[in-house]
Each structure stands twice: as structure tokens, then as C-alpha cells.
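This report covers helix packing and pocket lining. The sequence and the model come first.

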Amino acid sequence: MSGKEGSGGFRKRKHDNFPHGQRREDKENVTSSSALMISFKSFQLELDTRHDKYERLVKLSRDITIESKRTIFLLHRITSSPNREEILNESEVKLDAVRQKIKQVAQELTGEDMYQFHRAISPGLQEYVEAVSFQYFIKTHSLISAEEINKQLVFTLDEKEETTNTPSSNSHNKQQHTWSLKVTPVDYLLGVADLTGELMRLCISSVGNGDIDTPFELSQFLRQIYDGFTYIGNTGPYEVSKKLYTLKQSLAKVENACYTLKVRGSEIPKHMLADVFSTKADMMDREEGLS
Amino acid sequence: MTSLAGAGEGHLIARVCSALHHLPTHVLHVRLQEIRKVVQTLEQTAREILTLLQGVHQGAGFQDIPKKCQKAREHFGAVKTQLASLKTKFPADQYYRFHEHWRFVLQRLVFLAAFVVYLETETLVTREAVAEILGIEADREKGFHLDIEDYLSGILTFASELSRLAVNSVTAGDYSRPLRISTFINELDSGFRLLNLKNDSLRKRYDGLKYDVKKIEEVVYDLSIRGLNKETSGAGGEK
């Protein structure tokens, strides 16, 4: 079957039938008009549109993450600051700015399947949940619910934008324009799991300020969250069970802090408590490093 | 233990849990199980179609390609009903939430549909045509649809199947088919070159396309240096 006798004139034949130049030409002809190329051009457009949107969302998500982190840092200053209200107000301003970004996300996602782009925005949303629930905890000493978070994420078009965006249309139409974004239950849970880490930090820094009540309060709060998470256990999504481990560590730290306070709190002058606790914390860090 | 603790208590656990009742563990579990079940039957049907079509790679298989395609088309009827039942297993607007579960099988079905259509008409199946063969939509707005990336992935699998077909058709003595495949895959290659792919799984699969193109070019080269490309099919074997 191999037909070796045919190879006599191969040089000529090869050049006749498959010179490289000619094949290029074929390709160029192809590029212009065939049905296949036309459909691939539309695919190009569709994919580019989708990727662009994805990138824009990733960028927004990063901004949301950064601003939320800054808000959390700001809120941590509350333990040492004399002016509690001022910091809370400032954090509210910051969170409003974050919500403006989330509004843009909601606008991008109008008419889209949220889960299609979920991976792009999920980190930002989690960080936002963390920030907003941290602020809520400082204000009210309780846990914000997912519904309350979502309630704040319903946006309406405000007057300024209306004039800049579409000057021609009247305001009656515009009133119907609302966007909303729902934090998915998983994002909410992951955000709350992150919150526990912040609370642990809050606990330690409040000890530094000679505040003996907060650690006990926090330990109780964290224990309840932990109970809630263990109730979910491994029936929840994978990421949740991963966070459960970190949560356990934070809880142990806080519980140990309370223990130390209870045992030694009555013996040691308040201003030295921080030192006692910091050595304790160091020890624990080392233990964790080993395990 | 402390004076401030009154705030939350049991109500707190309830909040954490209520988040779960929205993603409710059991409802989600049942839903996932049902989706997986349907996807499994789909995979089974897809395997059957594949086995059926694999016949074309064997020498004798080249004779009754139309019959094989006919049979495959019948199997696609079963696929239609299975996909229709998959649609009922989750809310229509949560397609992408569960996408990962049927992604693989859908890509495989695209490949199979493309293969059948190619064997019948030697053209590339359009996205709309695949959607029709599978009994689903081409646009997202209309319901259960065929994601463009899944379509393209399926087409890439199909391309490597073509390079196999080119080799085997030479073995079976059909010397003209590789030339037609070569033209076709070159066109496909230039099509894919129009796309700006991200660094994802589709891109990885696209990177494999050049090897398929190369393989087919080698086959065509082998044929042309032996002068076999000029002859009618089957003649080469008689020499």
C-alpha cells in the first residue's frame, strides 16, 4: 500500500501541489469570507465581550477588597481611640464608597447570570461582608444577617448620574432603574468566617488597653459562631469547611486569653496585662507552627 | 460570665443557620444528586455514540458511514430527552451555578455532533445546529443553552479526532479524504486564530490544535511525495 514507485517524481509533485506559498494563499482566501470564518468572527466578538466584562469585574472586586480592608483597619483603631463615634462615622463613609463600587458591579451584572461571573467578584464581596459585619458588631454586638447586607445593596440611580449619562431621557423612566446585588449564602458564610479572625485581633488589642470585659464577650460570640459553623459541618461547600479550621484556632486563642485573664487577672495590675497576654500569644503561635 | 453577652445568644446560631436554609443543605444536596444522576445517563449515551462512531476508523467502517451517522442521530434523540430532564432539575436562572456538573459531557456531545455532521456533509457544524441536535438553546436568554466555550472545546476535541481519521483513512486506502481534511482543518485553525483566548482550559486545548494540524499535514505530505494524492481512492491499494 505504501506505493514507493510513486516517489520518483516527488520533487516536482510536491512543488506543484503543496508549495508553502500557495497554502498561505489558501488560508488568506479562507480568512475573508467563508461561513466558518464569519461565525468565528462572531465568536471572537462574543468571547472578547465576555472577557472584558470579566476583567472589569475583577478590577472592581479588587477595589472593593482594598477599601474594605482599609475600613477594617480603621475599625481596629477603635480600641485605642477616645473618639468612638468619629471612627464609626468615618467607617460608614468608607463603606458607602465601597457600596458605590458594588453598584457598578450590579450594573455590570444586569441581565447576566450572576454565577457566570461569580469567581470574579467573590473575593471582593467576602471582604465587604467581613467589613460590614465587623462594623455592625462594633455597633450592636451581634451578627448582621445576610438579608440586612443585601438590603443595603439595592441601588437606585441618583440625580447626578442621570444628567451625565443620558441627558435626553426624563426622570420618570429613570425611577424604575434600580440595581441590586445579592450576596450569595456562601459568600456570606465565608465573610463571617473571616470576621472571626478580626474579632480575635480585636480581643487581643482590647486586652492591651486593659479592657477585661470585651474578651469574655468576644469569646462567647465566637463560640456561638463556631457552633453555627459546626452545625453546617462538611455538608456545606468545601471552602467553608476549610475556614472552619482557622475559626477553631481563633476561638482557641480567644478562649485561652479569657482563661489567662480569669486566672491571673486578679493578681496582676491592669497595665501589665498586655505583657502577660503577649507572651501567651507567642507561645501559641509557636505551637501552631509545630502542628 | 460577662455583662455584655445578652445581645446575641441562640439567635446568633439561628442567623448563621438561616444563611444555610437559603442554600439549604438538603435541598442543594438533592438537587446536586439529581443533576449528577442525569449527567451520568448522558455520559452513558455519549459513550454509546462514541463507540458507534469509532467504527469509522476501521477499514470496513468507511463503507457504511451514512448508516453509522443515521444510528448516531437516533441516539441523539435519547440525548434530547435526557437534556430536557436535566433542565427541570434546577432553576433556569442558575445555569452557571451548576455549570461544572455538565460541562464535560456537553463538550463531548458537541464533539460527537460535530463528528456526525462532518461525516455527513464535511462541514463544520454551527453552534445553532449543535444546539438543535441536542435540543437546547443557542442563546442564554432562552434557557438551557450551549456555552460558547463549551462549543469551542468540543470542536477542538473533534479536530484531534479528524487527525486520527486522516491517518486511518490512508490505511483503509482512501487517499483523497486526508486532503479534504487538511483543507478543512486549516480553515478551522485560521478560525481559531481569530480568537483572543484567555489563559484558561480552552486556551490549553487550542494549543493542542497545532499538533493535529501538523499530523494531518504530515499525512498529506506522505501521500504527495508518493504521488498518491492524484489517484482515486482505493487505487493505491491495488498497485
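Contact means heavy atoms within 4.5 Å. Helices (H or I, at least four residues) and strands (E, at least two) are DSSP runs, numbered from the N terminus. This is a predicted model: local features need pLDDT of at least 70, side-chain atom pairs count only at pLDDT 80 or more, and totals for chains, interfaces and linings use all residues. Residues are numbered from 1 along each chain as its sequence is written, chains are lettered from A and ligands numbered from 1 in the order in which they are written, and side-chain values use heavy atoms, with hydrogens and water left out.

**Helix pairs**

Axes are lines fitted to C-alpha atoms, for helices over the stretch in contact; angles run from 0 to 180 degrees between N-to-C directions.

| Pair | Angle | Axis distance |
|---|---|---|
| H3(A) and H7(B) | about 20° | 9 Å |
| H3(A) and H9(A) | roughly 25° | within 11 Å |
| H4(B) and H5(B) | about 105° | 10 Å |

Angles under 35 degrees count as roughly parallel, over 145 as roughly antiparallel, 65 to 115 as roughly perpendicular and the rest as oblique. H3(A) and H9(A) are therefore roughly parallel. In H3(A), Ile72(A), Phe73(A) and His76(A) meet Glu198(A), Arg201(A) and Leu202(A) of H9(A). This contact has 3 nonpolar, 1 polar and 2 charged residues. Here Ala, Val, Leu, Ile, Met, Phe, Trp, Tyr, Cys and Pro count as nonpolar, Asp, Glu, Lys and Arg as charged, and the others, Gly among them, as polar.

H3(A) also packs with H7(B), residues 177-193 of chain B. H3(A) and H7(B) are roughly parallel too. Leu36(A), Met37(A) and Phe40(A) of H3(A) meet Glu187(B), Leu188(B), Ser190(B), Gly191(B) and Phe192(B) of H7(B). The classes are 5 nonpolar, 2 polar and 1 charged.

H4(B) and H5(B) are roughly perpendicular. H4(B) brings Leu106(B), Leu109(B), Val110(B), Ala113(B) and Val117(B) against Val130(B), Ile133(B) and Leu134(B) of H5(B). That contact has 8 nonpolar residues, with no polar and no charged ones.

**The largest pocket**

A pocket is an open set of points on a 1 Å grid over the protein atoms alone, where a 1.4 Å probe fits, with protein on both sides within 12 Å along at least five of seven lines; lining residues have an atom within 4 Å of a point. The volume is the space filled by probe spheres set on the points, which are joined across faces, edges and corners. For the largest pocket this is about 1,400 Å³. Its lining has 40 residues; Tyr115(A), Arg119(A), Tyr96(B), Arg97(B) and Glu100(B) lie nearest the centre. Helices of chain A and chain B give two or more residues each, among them H3(A), H9(A) and H4(B). H2(B) gives the most, with 6 residues. The lining has 14 nonpolar, 14 polar and 12 charged residues.
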